[in-house]
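Trainee: I would like to learn how to read a protein structure residue by residue and helix by helix. Could you take me through one, slowly?

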Amino acid sequence: IAYPNIEARSQIRHEYNFIKSMAGSEGIVKVHSEPLTDDDGIYGFRMEYLSKIEFQDVKAKGKEVQKVVEKLHVSGCCHNDLSPSNVMMNEAGHVVLIDFSFAGRIGQDVTWYVPSWAHRGGVFGKATDEKALKTYF
C-alpha cells in the first residue's frame with residue numbers, strides 16, 4: 001500500500017469487493033478469490049495478468065471500451081475513473097477495465113473516501129464515465 005491509512009485501506013477493500021461483485025462480467029478485471037490481508041484487514045489483491053495498451057492505440061480500442069462501459073451501466077454500476085491508464089488488455093487480447101476504487105452502484109450515495117470531483121451531488125452516476133468516453137475513446 002502506498003499510503004497505509006484508513007482511507008487507502010477503505011478504497012482497496014471497496015475496490016476488491018466491487019470487482020468480486022462483478023465477477024464473470026465481460027471486460028472487468030478478474031481477481032484472485034482471496035484478498036491479501038493482515039491484522040488490519042485487506043491491504044491488496046492479485047489480478048489476472050494484463051498488458052498495457054499504448055496511448056496511441058487507445059482510440060482504436062474505443063468501441064470495445066464503450067461496449068464494456070455500456071454493460072457496466074446496464075448492470076447498474078459506474079466506474080468513474082475511466083482513462084487510458086485504467087484500460088488494459090487480457091491474454092486473449094480483449095479490453096479489461098481496472099481501478100474500481102471510485103466505482104459504485106448508480107443512484108447510491110457516494111462513500112466518504114471517494115473524492116467529490118468523481119461524482120456530482122454526492123450520488124454515483126454515469127456522467128463521469130460518459131464524459132471520459134468522449135474525451136479519451
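This is a predicted model: local features need pLDDT of at least 70, side-chain atom pairs count only at pLDDT 80 or more; totals for chains, interfaces and linings use all residues.

Trainee: Let us begin with two helices, then: at what angle do α2 and α3 pack, and how far apart are their axes?

Mentor: In general, two packed helices are described by the angle between their axes and the distance between the axes. Here helix α2, made of residues 62-74, packs with α3 at an angle of about 175°, and their axes are 11 Å apart. Because angles over 145 degrees count as roughly antiparallel, α2 is described as roughly antiparallel to α3.

Trainee: Which residues of α2 and α3 make the contact?

Mentor: From α2 the contact has Val65, Gln66, Val69 and His73, and from α3 it has Asp129, Glu130 and Leu133. If you sort the residues of this contact by kind, you find three nonpolar, two polar and two charged.

Trainee: Which residues of α3 are buried, and how are they placed around the helix axis?

Mentor: The general idea is that an α-helix has 3.6 residues a turn, so residues three or four places apart point the same way. In α3 the buried residues are Asp129, Ala132 and Leu133. Looking down the axis of α3, you would see these buried residues fall within an arc of 105°, so they line one face of the helix. Lys131 and Lys134, on the other side of α3, are exposed.

Trainee: Let me try single residues now. Is His14 buried or exposed, and what does its side chain lie beside?

Mentor: His14 belongs to helix α1, which covers residues 6-21. Its relative accessible area is 15%, and because buried means under 20%, His14 is classed as buried. A polar atom of the His14 side chain lies 2.7 Å from the backbone oxygen of Ala103. Setting aside neighbours within four places in sequence, His14 is in contact with Phe100, Ser101, Ala103 and Tyr113.

Trainee: Tyr16 is in helix α1 too. What does Tyr16 contact beyond its neighbours in sequence?

Mentor: Tyr16 counts as buried, at 4% relative accessibility. Leaving aside residues within four places in sequence, its contacts are Val31, His32, Ser33, Glu34, Pro35, Ile42 and Phe45.

Trainee: And what about a glycine such as Gly27: where is Gly27, and which residues is it in contact with?

Mentor: Gly27 sits in the loop between α1 and β1, the strand at 36-38. At 10% relative accessibility, Gly27 counts as buried. Apart from neighbours within four places in sequence, Gly27 is in contact with Val68, Val95, Val96 and Leu97. The C-alpha atoms of Gly27 and Glu70 are separated by 11 Å, although these residues are 43 residues apart along the chain.

Trainee: What can I say about phi at Asn80 and at Asp99?

Mentor: Asn80 is not a glycine, and yet it has a positive phi of about 70°. Asn80 lies in the loop between β4 and β5, the latter at 87-90, and at 0% relative accessibility it counts as buried. Asp99, also a residue other than glycine, has a positive phi near 60°. Asp99 is found in the loop between β6, at 95-97, and β7, and at 23% relative accessibility it counts as partly exposed.

Notes. Residues are numbered from 1 along each chain as its sequence is written. Side-chain values use heavy atoms; hydrogens and water are left out. Axes are lines fitted to C-alpha atoms, for helices over the stretch in contact, and angles run from 0 to 180 degrees between N-to-C directions. Helices (H or I, at least four residues) and strands (E, at least two) are DSSP runs, numbered from the N terminus. Angles under 35 degrees count as roughly parallel, over 145 as roughly antiparallel, 65 to 115 as roughly perpendicular and the rest as oblique. Contact means heavy atoms within 4.5 Å. Ala, Val, Leu, Ile, Met, Phe, Trp, Tyr, Cys and Pro count as nonpolar, Asp, Glu, Lys and Arg as charged, and the others, Gly among them, as polar. Buried means under 20% relative accessible area, exposed over 50%, partly exposed in between (1.4 Å probe, protein chains only). The arc is that of the directions from the helix axis to the C-beta atoms. A polar contact is a pair of N or O atoms within 3.5 Å; within protein, one must be able to donate a hydrogen and the other to accept it, and residues adjacent in sequence count only if both atoms are side-chain atoms.
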